[in-house]
Amino acid sequence: MPRKGKYISHKNEQKLIEIGRLILRFMNTNSSKIYNYKQIADGIDYKNPRQRELAIQALHKLQGSEKIKEVEKGKYIVNLKIAGTLTGIIDFNQSGNAYVDVEGVDDDIFIHSKNVKDALQGDKVLIITYHFKGKKLEGSVLEVLERARTEFVGTFQLVAHKDFGFVVCDKKTINTDIFISRANFGGAENGDKVVVKMTEWRPGDKNPQGEIIQVLGAPGEHETEIHSILAEYGLPYEFPEEVERDADKIDRRITDEEAAKRWDMRDICTFTIDPKDAKDFDDALSIRKLENGNWEIGVHIADVSHYVVPGTILDDEAYKRATSVYLVDRVVPMLPEVLSNDVCSLRPNEDKYTFSAVFQLNDKAEIQKQWFGRTVIHSDRRFTYEEAQERIETGQGDLAEEVNTLDKLAKIMRDERVRNGAITFDRSEVRFNLDENNSPIGVYFKVSKDSNHLIEEFMLLANKKVSEFVSLNSKGNVSNNTFIYRVHDDPNPTKLEALRDFVSTFGYKMNLDNTKKVAESLNKLLADVKGKGEENMIETLAMRSMSKAVYSTEPIGHYGLGFEYYSHFTSPIRRYPDLLAHRLLQHYLDGGKSPSKQELEDKAKHCSAMERLAADAERDSIKFMQVKFMEKHLGETFTGVISGVAEFGFWVEIPENGAEGLIKLRDLVDDSYSYDAKTHAVYGHKTGKKYQLGNEVQIKVVKANLIQKQLDFKIVD
């Protein structure tokens, strides 16, 4: 009998816990509102006397655990300063559910779409956590602490015969439409693509209110969609007039007075190697044989810091942008064109100011001497990668001997890097052939060849050695000088273990004993999968196991390159951190003391954030072009490879053009399918049919949505 009583008590306890969760969910819809017990009971649909009694008991239990406060007799409010609350950044997925990334917590915390309250993508939120039905830790948003953004891109929809409308946002991660009153139409007409500013979101309102601040044009049109991408990420297309004016005033003369302060290298053989469509030439190489038999190799970088000075509006604008953005059909530069394509660009047959790293190398590519400082150069030749590659392959043509010497040294340095733990991800990038209207008429893949690796190795050398020069003293001890580093943390061990377990099903082995073994295993794995059916899948998973490279004042090293110290120094025309590195290097060359670390760390974080935005915008522009290209292939059948798997469906990539489309599980009518995260697959319950990452499938292109930049595919048996 006592045992039965204990069981009933436990059951009642569980019931009160469940009711308490319902109450918290209801009260969190407006966490600043005070409720009496009747409002709470009605809010959770507990209306008969027995249910109301249970609700009162649950309220007492919540009050006892300090999850709610009784502000006056019988009136309650959510206690925002309670145990179990955490602060983090919210990240939505396509299903409307979200995850909150909390600093110091290993796993992101799941938030069901019903519990996201008024949070939007990237917002800083306060959440309360609990174990829903005894399962994995979940959370509910209590309050938005800080909005990530207030401006969004979407399509204006006028409500017929009413004085209002809504902006339906492009990004599915924005889980609400924005209400627009007639006074805030901003000249927009029904169906226009617009930029909307969210002005208010009152507690209890289903939709936020906003005003239209820019009309972009008709959805689906090329210019509209490209400008939509830039607006979506807050990337300005044009420079303010005063910035352009300042840039135009710059003295572009190469004077004898300034040249006298520099190492004059204008009489040494110098050339650039760049993509055929490049206009901003950041870097040049010089080469000459010395009497002692060594090679003097100069890595010459545009001296942007000579022209862009701290405290000017030109510098402020460059910092704000932090990077150039390379969309498919245009570049949105960090610096005005007069600087990026003219004054600073190392164009052939022109004298230019540069900041250089000059190395004396022997035939084994071992550094005998090094020098850093300001120079003046004269580029004798502008090579495209294709022209330089021709010199390497044939040994023929002007400057073939110089190009081949650099290639030989670069190959030695590359082999040495890999031996020391560098990982050789060599993924091809999709590119488009465009007609005069910027419409895609063909797709090709940019593949790195020896000429690309040649430039890469010498840029890596300069970046590494500049970083070491600042960070270590002449005896090789740590100098503690403040500097801006490009850092890449070690891979997440859990992700590596998951990768090892997964690739073992294909017969590949990985050794995770230490950092060097991991790098060796990854390189061997990438080499072994070349040309195999699972190549794309395993490369993708290996990439996902890596950390993201960022900028920081803490020199934790660069795992992917296998370098202890590494910085970005070689592209100041298009990356602000490189400009900071130039200024700091000159400061130390002049004997300056180490400046404030915190100020530079704030700048590093800003540059990392802007780099992520630029990468997202570039990815969106590629997706848009792929969808535009595939519009011409609606109804056609292709062989594709499953490139991603999620709860709601899986993505298939067409290898011949890189286009990726979604197959929704609800459209697979032959069976009911479930997702298995461990095997990156979905399984049919009745048939046992499996669709797994890396599988080849036949698909038909059924829909091309330019506005959502999304392709829908259908499985063809």
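Q: Two strands pair if DSSP finds at least two bridges between them. On that basis, which strand pairs with β20 over 11 bridges?
A: In this predicted model, β20 pairs over 11 bridges with strand β21, residues 367-378, and the two run in the antiparallel sense. Within that pairing, Phe 359 has Gln 370 in β21 as its bridge partner.

Q: And what happens in the hairpin between those two strands, at Ala 365?
A: The hairpin of β20 and β21 has five residues between its strands, and Ala 365 takes a positive phi there, near 65°.

Q: How many bridges join β17 to β20?
A: Eight bridges join strand β17, residues 295-302, to β20, and this pair is antiparallel.

Q: Is β20 mostly covered or mostly exposed?
A: Strand β20, which spans residues 351-361, is mostly covered, with 10 of its 11 residues buried.

Q: Let's move to Gln 586; where does it sit, and what is it in contact with beyond its neighbours in sequence?
A: Gln 586 belongs to helix α16, residues 576-589, and, once neighbours within four places in sequence are left aside, it is in contact with Phe 355 and Arg 374.

Q: Why does Gln 586 count as buried?
A: Its relative accessibility is 16%, and buried means under 20%, so Gln 586 falls on the buried side of that cut-off.

Q: Changing topic, what is the order of strands in the three-stranded open sheet?
A: The order is β1-β3-β2, with antiparallel pairing. β1 (35-36) and β2 (68-72) stand at the edges; each has a single partner strand, so one side of each is left without a neighbour in the sheet.

Q: What about the second largest pocket, how much space lies in it and which residues lie nearest its centre?
A: The second largest pocket holds about 740 Å³ of space. Its lining is made of 30 residues, and those nearest the centre are Asn 28, Thr 29, Asn 30, Lys 117 and Asp 118. α1 (2-28) and β8 (137-146) are the elements that give two or more residues to this lining.

Q: Which element gives the largest share, and how do the lining residues divide by type?
A: The largest share comes from β8, with five residues, while the lining as a whole divides into nine nonpolar, 12 polar and nine charged residues.

Q: Back to Lys 117, what is its backbone like and where is it?
A: Lys 117 lies in the loop between β6 (109-111) and β7 (124-131), and it has a phi near 55°, a positive value in a residue other than glycine. At 26% relative accessibility it counts as partly exposed.

Q: What is the phi of Asn 480, and is that residue buried or exposed?
A: The phi of Asn 480 is near 65°, again a positive value in a residue other than glycine. The residue is found in the loop between α12 (450-471) and β25 (485-487), and it counts as exposed at 65% relative accessibility.

Note on methods. Residues are numbered from 1 along each chain as its sequence is written. This is a predicted model: local features need pLDDT of at least 70, side-chain atom pairs count only at pLDDT 80 or more; totals for chains, interfaces and linings use all residues. Side-chain values use heavy atoms; hydrogens and water are left out. On a 1 Å grid over the protein atoms alone, a cavity is a set of points where a 1.4 Å probe fits but cannot get out, and a pocket is an open set with protein on both sides within 12 Å along at least five of seven lines; lining residues have an atom within 4 Å of a point. Grid points are joined across faces, edges and corners, and a volume is the space filled by probe spheres set on the points. Helices (H or I, at least four residues) and strands (E, at least two) are DSSP runs, numbered from the N terminus. Ala, Val, Leu, Ile, Met, Phe, Trp, Tyr, Cys and Pro count as nonpolar, Asp, Glu, Lys and Arg as charged, and the others, Gly among them, as polar. Buried means under 20% relative accessible area, exposed over 50%, partly exposed in between (1.4 Å probe, protein chains only). Contact means heavy atoms within 4.5 Å.
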